[in-house]
Amino acid sequence: MEAPAVRMDVRQAGSGVAVVDIKGEVTAACEPVLMTAYEEAEAGGARRLVLNFGGLEYMNSGGIGMLVTLLVRANRQHQELAAFGLSDHYREIFELTRLDEAITIYDDEASALSAALR
Amino acid sequence: MAQQTGPEGATSAEQIGLSVRESQAHPVPRDAGSWAAKVDRLEAPDRAGMRGTNVAGRRLNGPVQGFGKMWQKTYRMNAGTVCSPQAAIATWKAHFPELWPRGNRFAGPLAGISPGDVALLDLAVGGGVKLSTGVFVLYADEDSFTLMTPQGHMFAGWITFSADQSGPDTFVQAHVLMRANDPLYEAGLALGGHRKEDLFWVQTLTALGERLGVADPQVETRTVCIDSRRQWHHARNIWHNAAVRTMLQRLAAPFRGRHRTQSAS
């Protein structure tokens, strides 16, 4: 499998909330990168994980499958997942795959954080 | 056909329906033509000898909407140096229906597999029972394609068929991410359904290997339970169960025929 062409940076954004800035390509190959980011967020005590897709350049069906795996892992720990920064194209993919029923999508970071910190 | 709003193979912002402002904010990604356009409910395509009753009007169900435990299954075959990954996928797309095990039917469009296509399926589920359902082509590019299942199918989820290069060898694989759609299917999986499904994909990959010219195709199976919890709030998916509906439709068929004859006379 090819090396993942993605970067995921974790930053704490308030009490129990972590934002993961995703830049590059989301495919099945980037699962180790995403899981490392998740573990970093979890180690910081995150109860809500907010995924920033503003830097998303490419995503295939393997990438969507990986997000489902992340969702299961987060749900097991009673953590919530949210997302923002999705273009219309990627928002449609979330809706088509019905991932939007489990990962709440916000228009921007301010509204995602405001909901997360409520 | 599915109710879709965008054309296949679209590459420009205008073609995939992006506004000028949107296209300026987000350049058109190179995956834009590989994904199906959004559909709310499926339309059953017209396929000779097959009824789309269990497909028409159904929604797509991903692993999030399924009932049973969540499984990730990978069936992988080393195709050696007989072809490139892209050639393997092109062959798989072109001959997909012919590679299915005997007794099962995949009726897709004649032109191969493209995003947004809907195919009707007749599956042999054992004991002479047939299940009529369908699949939706969620994603397709030159390295992979993904089928997603509708309500009533045995599984809620998707199957990705892909090929990759490892050293000099080409590997092809089917990767399943799914939950049983309802409690009845979950019981069926536990009572031999998983074994039957494994055999189905091993036979399919073996047939692909033979078509590609692989001397002795060997398929490796890897199964991982991603989530052992059942989603009881989705138990009512059973309303759409295509196995039950297919059985009832077959039982009712003679009466429907008689009713039509009486109406005509």
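Select the residues where the two chains meet: 23 residues of chain A are in contact with 29 residues of chain B, where contact means C-beta atoms, placed from the backbone, within 7 Å. On the chain A side, the elements that give two or more residues are strand 3 (48-59), helix 2 (61-76) and helix 3 (88-96) of chain A. Helices here are DSSP runs of H or I with at least four residues, strands are runs of E with at least two, and both are numbered from the N terminus. Colour that side of chain A by class and you will find nine nonpolar, eight polar and six charged residues. Nonpolar covers Ala, Val, Leu, Ile, Met, Phe, Trp, Tyr, Cys and Pro, charged covers Asp, Glu, Lys and Arg, and the others, Gly among them, are polar.

A word on what you have open: this is a predicted model, in which local features need pLDDT of at least 70 and side-chain atom pairs count only at pLDDT 80 or more, while totals for chains, interfaces and linings use all residues. Residues are numbered from 1 along each chain as its sequence is written, and chains are lettered from A and ligands numbered from 1 in the order in which they are written.

**Chain A**

The C-alpha atoms fill a box of roughly 35 × 30 × 25 Å along the principal axes. With 118 residues, a compact globule would have a radius of gyration near 13 Å, and chain A agrees because it has 13 Å; the radius is taken over C-alpha atoms, and the rule is 2.2 Å times the number of residues to the power 0.38.

Colour by pLDDT, the predictor's confidence in each residue from 0 to 100. Chain A has a mean of 93, and 97% of its residues reach 70 or more. Confidence in chain A is lowest in helix 4 (residues 109-116), at a mean of 92, and highest in strand 5 (residues 104-106), at 97.

**The core**

Next, pick A:V20, A:L49, A:V50 and B:F136. These have the most contacts inside the largest nonpolar core, which has 96 residues. Such a core is a set of buried Ala, Val, Leu, Ile, Met, Phe, Trp, Tyr and Cys residues joined through C-beta atoms within 7 Å. Buried means 20 or more other C-beta atoms within 10 Å of the residue's own, with C-beta atoms placed from the backbone; exposed means 12 or fewer, and partly exposed lies in between.

Centre on A:V20. Leaving aside neighbours within four places in sequence, A:V20 is in contact with A:M8, A:V10, A:A37, A:A41, A:L49, A:L51 and A:N52.

**Chain B**

Switch to chain B, which has four helices and eight strands. Of its 265 residues, 39% are buried.

Select strand 4 (residues 129-140) of chain B: 10 of its 12 residues are buried, so the strand is largely enclosed by the rest of the structure. Eight bridges join strand 3 (residues 118-126) of chain B to strand 4, and the two run antiparallel; strands pair if DSSP finds at least two bridges between them. Look for B:L121 opposite B:T133. These two strands form a hairpin with two residues between them, and B:G127 in the turn has a positive phi of about 65°.

On to strand 5 (residues 144-148) of chain B, joined antiparallel to strand 4 by four bridges. This pair forms a hairpin with three residues between the strands. Finish on B:F136, whose bridge partner in strand 5 is B:M148.
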